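Try each task yourself before reading its solution.

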Amino acid sequence: MTVAAVLAAAEGVVLLGFGVYVLIMGLTGNPESPQQAEMLGVTVLALALLPLLAARGLWLRRRWSRGPAMITQLMALPVAWTLLQNGGALIAAGAATAVAALAVLALLINPTATEALGIGPRDA
């Protein structure tokens, strides 16, 4: 659970950093459309909250945190694929994203993790 929480938090921090970067570049840079750049920055900042909240829930062993953490990882896989397709330095970013997402998914479906979160088979 700790590793899953740390990986989810790392993803959230990366998203947070990217959101801040895009927002700053939208305000101070010379984008084609400052409004679109600012909206993208705000959107990415909002999206960064999901893995950060899920990571905190996983860290505290909250049952509700598994769903948002899994959804975040499933959303990260197409992003990783897109990064891998673009080449250059993005290949490393895509590979890291894919490895982190698959690792967290594997950790969250592990029976030990489900037991730690109080999720188990229902009694018949």
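**Exercise 1: The overall fold**

From the N terminus on, the elements of this protein run α-α-α-α-α. The model is a predicted one.

Task: Find how many helices and strands there are in the protein.

Solution: Start at the N terminus and follow the order α-α-α-α-α. The tally is five helices and zero strands. Next, look at the extent: along its principal axes, the C-alpha trace spans about 60 × 25 × 25 Å. Finally, 29% of the 124 residues count as buried.

**Exercise 2: Thr-114**

Task: Decide whether Thr-114 is buried or exposed, and find which residues it is in contact with beyond its neighbours within four places in sequence.

Solution: First, locate Thr-114 in helix α5, which covers residues 111-116. Its relative accessibility is 15%, and buried means under 20%, so Thr-114 counts as buried. Then follow its side chain, which reaches the backbone oxygen of Pro-111 at 2.8 Å. Leaving aside the neighbours within four places in sequence, Thr-114 is in contact with Arg-66, Leu-108 and Ile-119.

**Exercise 3: Phe-18**

Task: Work out how Phe-18 is classed by its relative accessibility, and how far apart Phe-18 and Val-44 are in space.

Solution: Begin in helix α1, residues 2-28, where Phe-18 is found. Phe-18 has 42% relative accessibility and therefore counts as partly exposed. Now turn to Val-44: Phe-18 and Val-44 are 26 residues apart in sequence, and their C-alpha atoms are 7.4 Å apart in space.

Technical notes:
Residues are numbered from 1 along each chain as its sequence is written. This is a predicted model: local features need pLDDT of at least 70, side-chain atom pairs count only at pLDDT 80 or more; totals for chains, interfaces and linings use all residues. Side-chain values use heavy atoms; hydrogens and water are left out. Helices (H or I, at least four residues) and strands (E, at least two) are DSSP runs, numbered from the N terminus. Buried means under 20% relative accessible area, exposed over 50%, partly exposed in between (1.4 Å probe, protein chains only). A polar contact is a pair of N or O atoms within 3.5 Å; within protein, one must be able to donate a hydrogen and the other to accept it, and residues adjacent in sequence count only if both atoms are side-chain atoms. Contact means heavy atoms within 4.5 Å.
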